[in-house]
Amino acid sequence: MAQTRNTFLWRNALKYFERSFDAAFEERLKREITKTELLRVNVLIGAIVTSFAAGLLNFYLAGADNVTRILENDLDLLGFLFVGIVGYEVLIAAFLWRQIRNHQPVSPRLRLINIIIETSFPTIMALVLFLRIDDVMILFTPILMVYFLFIILSTLHLHFWMSVATGLVSVLEYFFLSLYIVDQLPASQLSPALSSHVLLVGRSVLLLLSGFAAGFVAIEIRKRINDTFLMMNERSRIRQVLGEQVSHAVVDRIINEGVLMQHERRMVCVMFLDIRDFTPFASDKEPEEVMAYQNKLFSIAIEAVTKYGGIINQFLGDGFMSTFGAPISSGNDCKNAVDAALEILDETTKACEAGLMPTTRLGIGIHYGQAITGNVGTEMRKQYSIVGNVVIQASRIEQLNKEYKSQLLVSKEVFEKLENESGELLGAMELKGENAPLDIYRIR
């Protein structure tokens, strides 16, 4: 049982560190990682140059101690190593810049080879110093601290196993370098503390753990970037599906509240608007004039519907259908729909009186009921739609405006949810295609 549990935990741990991300994100990240690689190399070059300059300054300020006397004749060799290391990193930076310019990623194999070469730099420097100083204290010089610099910067690989590989290479090179140094020195020069294998293994384990820690940080950064990428894609997808039907504030609420635009049954308030006598008006007008008139009128309607939290689902040429309460509800959808309708009527009247558009009479019908909401279409083209009898009934209510010479009619279901709104009960109306009559109220 214990073995089974341990196997289960181990597999789950591997799944975490080998977790897959969104395919589109991975493809984009391949190119972006090249930029982070270039950043890592530039930081490394800066760190190496700064460290070498600080070392030279310290060398000349230290005076005639034992180390400076030993190394003063080998400054040319150390300078040669410094130039070689920096030159290598400059070449890598040039290569990465070319890959970025050509929009090409760097293969994992080349990155791994580079990890092995780069992580060998402190090993080579330490070995050169040991051949000159011949002392176990080489294992405690700042040069070997460079291993940690490589491990820290490995997080910019944004790949767990690349960081682990950096830690592993550091461990192996430090461990075998330490064994070599301890083996080369006579026992008389070795103190039990400095040459202790327990301390040697402890330092090696610390390097390895640092590699795993850097890998964990890298994968967490990658996860955060992936989540942000998916969120931005979802925001873009929602905007694409809803088009210009919904305000940015509503889109933000859809995303923040985790509302998925899948098929769902919900209560909605549906509004239909119709331009009276539109066909005779358009028959003797130029298309440009008709379009300018529609744009002016619909801009008033869109502003009002958006202001009160609704969306326009469909333009019908001489009108439109809008919905309040889907994909999200404000809790007072019927009141919002009526307020939006009244604002449309008032603003249209003002525009006509100001001579901004021809005299216009509108008919609006509003009904509240249950509907199926969600995306209709394919991956090539989707539209957020409302399907249900409430849509048909709202359209039929709007048509009653012609008979009653009214501009805004609502069903009893809508009127009962209004506060401090006066209306005239016209009675129970039998709508076309409906079995049961609906009580209709005239608001205006």
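**Exercise 1. Aromatic pairs**

Task: Count the aromatic pairs in this predicted model, then classify the pair of Tyr147 and Tyr174.

Solution. Step 1: the count comes to 11 aromatic pairs. The model is predicted.
Step 1: take Tyr147 and Tyr174. Their rings lie 6.4 Å apart, centre to centre. The cut-off for a pair is 6.5 Å.
Step 2: the planes stand at 85° to each other. Angles over 60 degrees count as edge-to-face, so this pair is edge-to-face.
Step 3: Tyr147 sits in helix H7 (residues 146–153) and Tyr174 in helix H8. They are 27 residues apart, and the pair links distant parts of the chain.

**Exercise 2. H5 against H8**

Task: Describe how helix H5 packs on helix H8, and find which residues make the contact.

Solution. Step 1: H5 spans residues 108–119 and H8 spans residues 160–184. The packing angle is about 30°, and the axes are 9 Å apart.
Step 1: the crossing of H5 past H8 is right-handed.
Step 2: H5 contributes Pro108, Arg111, Leu112, Ile115, Ile116 and Thr119. H8 contributes Met162, Ala165, Thr166, Val169, Ser170 and Glu173.
Step 3: sort these by class. Seven are nonpolar, three polar and two charged.

**Exercise 3. The cavity**

Task: Find how many cavities of 30 Å³ or more the structure holds, and characterise the lining of the largest cavity.

Solution. Step 1: searching the whole structure gives one such cavity.
Step 1: the volume of the largest cavity is about 40 Å³.
Step 2: its lining consists of Arg40, Ile115, Glu118, Thr119, Phe150, Ser154, His157 and Thr166.
Step 3: by class, two lining residues are nonpolar, four polar and two charged.
Step 4: H5 gives the most to this lining, three residues.

Note on methods: Residues are numbered from 1 along each chain as its sequence is written. This is a predicted model: local features need pLDDT of at least 70, side-chain atom pairs count only at pLDDT 80 or more; totals for chains, interfaces and linings use all residues. Side-chain values use heavy atoms; hydrogens and water are left out. Axes are lines fitted to C-alpha atoms, for helices over the stretch in contact, and angles run from 0 to 180 degrees between N-to-C directions. Helices (H or I, at least four residues) and strands (E, at least two) are DSSP runs, numbered from the N terminus. A crossing is left-handed if the near helix is turned anticlockwise from the far one by less than a right angle, and right-handed if clockwise. Contact means heavy atoms within 4.5 Å. Ala, Val, Leu, Ile, Met, Phe, Trp, Tyr, Cys and Pro count as nonpolar, Asp, Glu, Lys and Arg as charged, and the others, Gly among them, as polar. On a 1 Å grid over the protein atoms alone, a cavity is a set of points where a 1.4 Å probe fits but cannot get out, and a pocket is an open set with protein on both sides within 12 Å along at least five of seven lines; lining residues have an atom within 4 Å of a point. Grid points are joined across faces, edges and corners, and a volume is the space filled by probe spheres set on the points. Rings of Phe, Tyr and Trp (its six-membered ring) pair if their centres lie within 6.5 Å; planes under 30 degrees apart count as stacked, over 60 as edge-to-face and the rest as tilted.
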